Amino acid sequence: MKKIIALIALSALSFGFMQKGETITVKGSDTMVILAQRWAELYMSKHPGTTVQVTGGGSGTGISALINGTTDICNASRPMKKTEKEKLKQRYNTLGVEIKAAKDGLAVYVNENLPVSELTLAQLKSIYTGETTNWKEVGGPDARIIIYGRENNSGTYVYFKDNVLEGQDYSPRVQSLPGTAAVVNAVGKDQNGIGYGGAAYGKGIKFIKVKKDAKTPGFEPTAENVKKGDYPITRFLYMYTRSKPSGAMKEFIDWILSPEGQALVTKVGYFPVK
């Protein structure tokens, strides 16, 4: 009788451990949040003992959470800054681990009814720094350009500033919005609007063909153009951890980089790293 009771108790204990499982927290880039949620949903369906909790908030928010120890994985649409890595080193004696998880053509959106189809990088810089204020200056109608962008905790904000504005400040006329979906929604309703963000969010708007300069052709952020390097505003999407991943977290990241995980990248609208 004692043996049977002991076996029942052992079974209940084992079941408790199985139910508890592992929890992985992921926080950061709003550009990546839809992709991260899809990864989490599919992975959990195949690994019921693991829970993956995904939240957005922006790349800067995710990096801060990584430094503060409140997330296991940080999603970022820009590389970590040297100062951020130094904070990690001071706190954990590590510079962190960078994983390139996907590629993105950082798209420029305009309203579907706007008769402008392409812009050079120099023209985009001029618009977003406030030098160019009327669509007629870039081949469009005589109408004021309404500029939409991201908040400054966004990796997309930082990437666009560094790579399109060449480090110059945004115009004070830029209307900062909390997520890429909000930018797309605003441009979709504003005939004179322009915005930027991840290519996967581009629904109900028109992609601008971006030209490296006035002499070269313009390209949209398609898979082929990003892969060939023709689209001028292409970036990696990153995952960061404090130290070398192990256990359930390593299994999750390895799966993301596997053919199955990378296939989801394509389905969501981004581009595989391989």
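Just after helix H5, Gly130 takes a positive phi of about 95° in the predicted model. Helix H5 itself spans residues 121-129, and its buried residues are Leu121, Leu124, Lys125, Ser126, Ile127 and Tyr128. These buried residues pack against several strands, namely S4 (97-110), S5 (118-120), S6 (146-150), S8 and S10 (209-211), and against helix H6.

Positive phi values also occur in residues other than glycine. Asn93, which is not a glycine, has a phi of about 60°. Asn93 belongs to the loop that runs between helix H4 (82-92) and strand S4. With a relative accessibility of 65%, above the 50% cut-off, Asn93 counts as exposed. For Glu166, phi is near 55°, again a positive value in a residue other than glycine. Glu166 is placed in the loop between H6 and S7, and its relative accessible area of 58% makes this residue exposed.

The loop between H6 and S7 also contains Pro172. Pro172 counts as exposed, at a relative accessibility of 81%. Between Pro172 and Gln191 there are 19 residues of sequence separation and 20 Å of space, taken from C-alpha to C-alpha.

Strand S10, against which the buried residues of H5 pack, includes Val210. The relative accessibility of Val210 is 0%, so this residue counts as buried. Residues touched by Val210, leaving aside those up to four places away in sequence, are Val108, Leu119, Leu121, Leu124, Pro217, Gly218, Phe219, Tyr231, Pro232 and Ile233. Two of these, Leu121 and Leu124, are among the buried residues of H5. Val210 and Asp230 stand 20 residues apart in the sequence, with a C-alpha to C-alpha distance of 9.6 Å.

Thr31 is located in the loop between strand S1 (22-28) and helix H2 (33-46). Its relative accessible area is 1%, under the 20% cut-off, and Thr31 is therefore buried. When residues up to four places away in sequence are not counted, Thr31 touches Ser77, Asp104, Arg150, Thr156, Thr180, Gly198, Tyr201, Arg235, Leu237 and Tyr270. Thr31 and Pro245 are 214 residues apart along the chain, and their C-alpha atoms are separated by 23 Å.

Aromatic side chains form twelve pairs in the structure. In one of them, the ring centres of Tyr170 and Tyr196 are 6.4 Å apart and the planes meet at 20°, so the pair is stacked. This pair links distant parts of the chain, the two residues being 26 residues apart: Tyr170 is in the loop between helix H6 (155-163) and strand S7 (175-177), whereas Tyr196 is in strand S8 (residues 193-198). Tyr170 and Tyr196 are both buried. Together with Tyr128, Tyr157 and Phe160, they form one aromatic cluster.

Two arginine residues are positioned over aromatic rings. Arg235 lies over the face of Tyr159, at a distance of 5.8 Å from the ring centre. Arg235 is also among the residues that Thr31 touches. In the second case, Arg242 lies over the face of Tyr92, and the distance to the ring centre is 5.4 Å.

Turning to the overall architecture, the protein has ten helices and eleven strands. Its C-alpha atoms fill a box of roughly 90 × 40 × 30 Å along the principal axes. Of the 274 residues in the protein, 48% are buried. Among contacts with a separation of 6 or more, 73% are accounted for by residues 24 or more positions apart. The accessible surface amounts to about 13,500 Å², and carbon and sulfur atoms contribute 52% of that area. Charged side chains comprise 36 positive and 25 negative ones, and the centres of the two sets lie 6 Å apart.

How values were computed:
Residues are numbered from 1 along each chain as its sequence is written. This is a predicted model: local features need pLDDT of at least 70, side-chain atom pairs count only at pLDDT 80 or more; totals for chains, interfaces and linings use all residues. Side-chain values use heavy atoms; hydrogens and water are left out. Helices (H or I, at least four residues) and strands (E, at least two) are DSSP runs, numbered from the N terminus. Buried means under 20% relative accessible area, exposed over 50%, partly exposed in between (1.4 Å probe, protein chains only). Contact means heavy atoms within 4.5 Å. Accessible areas come from the Shrake-Rupley method with a 1.4 Å probe; for residues, only the protein chains shown count as cover. Lys and Arg count as positive and Asp and Glu as negative; His and the chain ends are not counted. The place of a charge is taken as NZ of Lys, CZ of Arg, CG of Asp or CD of Glu. Rings of Phe, Tyr and Trp (its six-membered ring) pair if their centres lie within 6.5 Å; planes under 30 degrees apart count as stacked, over 60 as edge-to-face and the rest as tilted. A charge sits over a ring if NZ of Lys or CZ of Arg is within 6 Å of the ring centre and within 35 degrees of the ring normal.
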